[in-house]
Amino acid sequence: MISAPSPNFDERPGGVAFLVLHYTGMRTAEAAIARLRDPVAKVSAHYVVDEDGAVYALVAEEKRAWHAGASFWRGVSGLNDASIGIEIVNPGHEFGYRAFPERQMAAVTALCLEVLGRWPAIVARNVVGHSDIAPDRKQDPGELFGWRALAAAGVGLWSERFAPPGDLRDDLAAIGYDTRFAARDVILAFQRHFLPAHLSGAADALTAGRAAALRALIDARA
């Protein structure tokens, strides 16, 4: 763990119930870390994980970092208040989106497990990507991120199943999405996380079947 304190934080109004994963979306790790520590930028995260597996600690978990912006999940708005934010170094869709190296994903997995151990209120369905909580404006960490492997290690929610399709909008809302946004934006966010080989943006049978299966999984764990 490398200490790289950022001044961009304030006090939390309550506890922690969400873990939000991002990609940095900048050309280099150095540029991303510098921006997250720049008081003029007014953005930050609790941690940054570089492609070589190095982990940088920027903001104490007890403090509110400024990573989520306008956001919503499971009826909660403004997720900075109650979330831990992890930025994962990747140039993103704008600068040459690429797969996340194994060493980086191993470090992300280990860090997430540590965070979950400290904050038991973060249940599996509350481990989300930035695109999940802000589908109108974000794509990260994107369809190349290893959500399946992460869930297999005990971080987050995943299903390989397809259930009989129900009402897709209702199922997406039950999973946690803000369905007041344009349907295509929400569907793409869902597909990037839970159906990454099928980025149709359409309310098709595959998408509805996976959403129904995830909703059933959530209901079974409730």
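1. The side chain of S159 reaches the backbone nitrogen of R161 at 3.1 Å, a polar contact (N or O atoms within 3.5 Å, one able to donate a hydrogen and the other to accept it; residues adjacent in sequence count only through side-chain atoms). The model is predicted, so local features need pLDDT of at least 70 and side-chain atom pairs count only at pLDDT 80 or more, while totals for chains, interfaces and linings use all residues. Residues are numbered from 1 along each chain as its sequence is written, and side-chain values use heavy atoms, with hydrogens and water left out.

2. S159 sits in the loop that runs between helix 5 (147–152) and helix 6 (168–175), with helices (H or I, at least four residues) and strands (E, at least two) taken as DSSP runs numbered from the N terminus. Although placed in a loop, S159 counts as buried because its relative accessibility is 8% (buried is under 20%, exposed over 50%, partly exposed in between; 1.4 Å probe, protein chains only). Setting aside residues up to four places away in sequence, S159 touches R210, A213, L214 and L217, contact being heavy atoms within 4.5 Å.

3. S83 is buried, because its relative accessible area is 0%. The side chain of S83 makes a polar contact of 3.1 Å with the side chain of H67.

4. Strand 10 pairs with strand 3 (residues 18–23) in the parallel sense, over three bridges, and L19 stands opposite V127 of strand 10.

5. Most residues other than glycine have a negative phi, and most peptide bonds are trans. The peptide bond joining D140 and P141 is cis, with omega at about 5°, and P141 is in the loop between helix 4 (130–133) and helix 5.

6. K42, a residue other than glycine, has a positive phi, near 60°. The loop that holds K42 lies between helix 1 and strand 4 (47–49), and K42 is exposed there, because its relative accessible area is 59%.

7. R74 likewise is not a glycine and has a positive phi, of about 55°; its place is in the loop between strand 7 (72–73) and strand 8 (76–77). R74 counts as partly exposed, because its relative accessibility is 36%, whereas K42 is classed as exposed.

Key
Two strands pair if DSSP finds at least two bridges between them.
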